[in-house]
Amino acid sequence: MPAVDDHFSGRSTHVAEIYRKIVDASSALGPVDQDPKKTSIHLNRRVAFAGVQTRKDSLILTIKSDRKVTHRRVLKTEQVSANRWHFEVKLTRPEEVDDQIRQWLRAAYELAE
């Protein structure tokens, strides 16, 4: 099983900075377990509320929702069950972890209760 740090090997240093800001924003809400998988890192409360896939110069943040999210920053949405959606946001700079991302993470964190 990979470690969290393994996901940042061969990546630009700012990719890890973006990830750290996501974890910090999530941890401000309460306990967060970082669960590294083969191709991503899940952020869990009781269950996963977000996932991170690293790229060379960016990362893809997948966030759980109870409704379809339509926003200019959303790359893709997927309905995974009757009342659950996942949507993806591409982040290329640490400062993109802003109030909007924190708001989405808060809503997802609450769903994972």
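1. A polar contact is a pair of N or O atoms within 3.5 Å; within protein, one must be able to donate a hydrogen and the other to accept it, and residues adjacent in sequence count only if both atoms are side-chain atoms. The side chain of R73 makes such a contact with the side chain of D98, at 2.8 Å. A polar atom of the R73 side chain also lies 2.7 Å from the backbone oxygen of E96.

2. The model is predicted: local features need pLDDT of at least 70, side-chain atom pairs count only at pLDDT 80 or more, and totals for chains, interfaces and linings use all residues. Residues are numbered from 1 along each chain as its sequence is written, and side-chain values use heavy atoms, with hydrogens and water left out.

3. R73 is placed in the loop between β4 (59-65) and β5 (74-81); helices (H or I, at least four residues) and strands (E, at least two) are DSSP runs, numbered from the N terminus. R73 counts as buried at 15% relative accessibility, where buried means under 20% relative accessible area, exposed over 50% and partly exposed in between (1.4 Å probe, protein chains only). Leaving aside neighbours within four places in sequence, R73 is in contact (heavy atoms within 4.5 Å) with E88, V89, K90, L91, E96, D98, Q100, I101 and W104.

4. R84, in strand β6 (residues 84-91), is partly exposed, with a relative accessible area of 26%. Residues up to four places away in sequence not counted, R84 touches K64, S65, D66, E78, Q79 and L111.

5. Helix α1 (residues 13-27) has buried residues V15, I18, Y19, I22, V23, A25 and S26. Seen down the axis of α1, they fall within an arc of 165° and so line one face of the helix; the arc is that of the directions from the helix axis to the C-beta atoms. An α-helix has 3.6 residues a turn, so residues three or four places apart point the same way. The buried residues of α1 pack against β1 (33-36), β2 (41-44), β3 (48-54), β4, β6 and α2 (99-111).

6. Beyond neighbours within four places in sequence, the contacts of L91 include I18, I22, L59, L61 and R73.
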